[in-house]
Amino acid sequence: MSKPSDLTYDAVVIGAGHNGLAAATTLARQGKSVCVIESRDGIGGMARNAAIAPGVVAPKMAHLLYNLNPKTLKELGITAPKSVSLPTVSLADDGRHVVIQGDLVSYADGSAHPEAATFAALHKRLTKFAALLGQMSLKTPPSLAGGLMDMATLQELAGLAKLGIGLKRMGKKDMREFLRILLSNAYDLILDDFADAPLAGMLAADAVRGAYAGPRSPGTVFSMMYRLGNGGDVRLPMGGMGAVADTFANAAKLAGCDIRTGCGVAQVIVENDTARGVILADGSVINARSVLSSIGAFQTMQMAGVQHYDTEAVRRLRNLRNKGTVAKVNLVLSGAPDFVGLDAKLTAGRLLIATSATYVERAFNPVKYGDMSNAPVIEAVIPSLSDPSLCSDGQHILSANVQYVPYALAGGWTPAARQKLLKLTLDRLEVYAPGLGRLVTHSEVLTPLDIETQTGAPGGHWHHAEMGIDQILTLRPVNGMARYGFGIAGYYLCGASAHPGGDVMGTAGRNAARQLLKDGVLA
Ligand SMILES: Cc1cc2nc3c(=O)[nH]c(=O)nc-3n(C[C@H](O)[C@H](O)[C@H](O)COP(=O)(O)OP(=O)(O)OC[C@H]3O[C@@H](n4cnc5c(N)ncnc54)[C@H](O)[C@@H]3O)c2cc1C
């Protein structure tokens, strides 16, 4: 226990998702006293496990690691749980499923894919460009507020300049290409080189993972590269995503943080425009010299009181785009399903239903009108095939991210609407694994609305706020508030709605805490 004798912590962190825990650990490892407050009974937020049926533990929401940052882990003293690298299997209606791992592509039967060389070349090109953007993920976005005559601003600009230098080093041809594709849409880029088939579908689906955007939306090449810049490998954590969250919590405890669950923060105490602690839902007060919030950006502002913000900041935060489009469907199966044309190793892979780039775009269309797609993009994994510890008695868990599903369904999320979503998901899976439906003994459907209710994430959004080109880097969450400090002295944003965004990375939390220390708040 690190509770200081004068009952004032150096920092209170709102939310024990992995970013809140990363922020807390960063501060505690610098000798600061930290208390993490979590409204739910357990830690982990979107990255938690849940027992969804007797003897079955499922990754409740997030299931695969794409972007866990090794540098962040090292700094936090975290040894990530064992994980296995998974191939992606892009399922095909004609049974010629495509297997992708890193820059390699083949058919599921082992035969050569005609676009393998084209894919390897695109992968190389995008990874090179993405590495430049990746440099930015561990940095506080530069502030240009002081103007070009200001020394601090110039130092900040050095970060961007590095990107520029990197660009220059690329040579003219690559630089021109980088700038050409940067703001373009993934659909056009993909179909420039590939037939509109499952390989193109995989590329398109990954460009819009978790987003309120279709591959034809502008800026989706940027998000494609941005994801690659932060890693890009697909890994399944043993013990489920909850095991990853547990390692973050253990690191926080080891560093001396107090973690209190089961009662959330109702209000941030602000005195003289400075954050001074929090009031919990049960009325108890925790004093602190600083407060970090890992909940949504608008909610973070509300927690302190909108009266502390100018009208422009309130307007920007209110208009933040954060409509979730991903539902989670967890299925308990009485046995392993049989995907036609896949061997045991590939069945245990990341199974993607995105049969073409056009399929992905079409799946996006209905969500704009408050409807769910009849042919959704599905990313499914059966973690129990790689990790039997998750299920007993030969059961399996099929964990599926289903996109696109609206937050506000026209007509509302009635029991019938949920049933429809479940049926749509099962119908799509049955195309590739006939008989799968008969194996289902238990199901759980989490709509974006449920995700919001269960985690507080606005719109139930995967990243707490859309990762569009108007809401990333120096514009995340909004222009003028991208440097973690959140408008009030000692008040910081440290969750997925801060740079560099969501996914299980821990980087937003780590960056925010480091910036707080750099700003001298706890000096
Ligand atoms: C369906 C779905 C599937 C996903 N799949 C993946 C995936 O496979 N891989 C991946 O990398 N990412 C995935 N993501 C995204 C990823 O899970 C999130 O971006 C990431 O976990 C966000 O972490 P966080 O700590 O910033 O926020 P959260 O995990 O949302 O944590 C915020 C915490 O704050 C708590 N809280 C809220 N209000 C209060 C309050 N008033 N007081 C105290 N505590 C409060 C919440 O209970 C929660 O624990 C998925 C997201 C969703 C929704």
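**Figure 1. Polar contacts between the ligand and the protein.** In this close-up of the predicted model, a polar side-chain atom of Asn-19 lies 2.8 Å from an oxygen atom of the ligand. The backbone takes part as well, for a polar backbone atom of Met-46 is 2.9 Å from an oxygen atom of the ligand, and a backbone N or O atom of Trp-462 lies 2.7 Å from an oxygen atom of the ligand. Taken alone, the ligand exposes 1,000 Å², and the protein buries 97% of that area. Around the ligand there are 32 residues, of which Asn-19, Glu-38, Leu-64, Trp-462 and Val-504 come nearest.

Figure 2. Is Asn-511 buried or exposed? With a relative accessible area of 2%, Asn-511 falls under the 20% limit and is therefore counted as buried. A polar atom of the Asn-511 side chain lies 2.9 Å from the backbone oxygen of Ser-137. When residues up to four places away in sequence are not counted, Asn-511 touches Ser-137, Leu-138, Lys-139 and Thr-140, and also Tyr-484, His-499 and Pro-500.

Figure 3. In soluble globular proteins, nonpolar side chains tend to be buried together. The largest nonpolar core of this model has 81 residues, and the members that touch the most others are Met-225, Leu-331, Phe-339, Leu-398 and Leu-436. Which residues is Met-225 in contact with, once its neighbours within four places in sequence are left aside? They are Leu-126, Phe-129, Ala-130, Leu-133, Phe-178, Ile-181 and Leu-182.

**Figure 4. An open sheet of four strands.** The four strands of this sheet follow the order S1-S14-S13-S12, and their pairing is mixed. Strand S1 (8-9) and strand S12 (265-271) stand at the edges, and because each has a single partner strand, one side of each is left without a neighbour in the sheet. Strand S13, made of residues 274-280, and strand S14, made of residues 285-288, run antiparallel and are joined by three bridges. Within this pair of strands, Val-278 stands opposite Ile-286 in S14.

Note on methods: Residues numbered from 1 in each chain as written. Predicted model: local features only at pLDDT ≥ 70, side-chain atom pairs only at ≥ 80, totals over all residues. Heavy atoms only, no water. Core = buried A, V, L, I, M, F, W, Y, C linked by side-chain atoms within 4.5 Å. Buried < 20%, exposed > 50% of the residue type's maximum accessible area, 1.4 Å probe, protein only. Contact = heavy atoms within 4.5 Å. Pairing = 2+ DSSP bridges. Helix = DSSP H or I, 4+ residues; strand = E, 2+ residues; numbered from the N terminus. Near = heavy atom within 4 Å. Polar contact = N/O pair within 3.5 Å; in protein donor to acceptor, adjacent residues only side chain to side chain. Areas by Shrake-Rupley, 256 points an atom, 1.4 Å probe, with all protein chains shown as cover.
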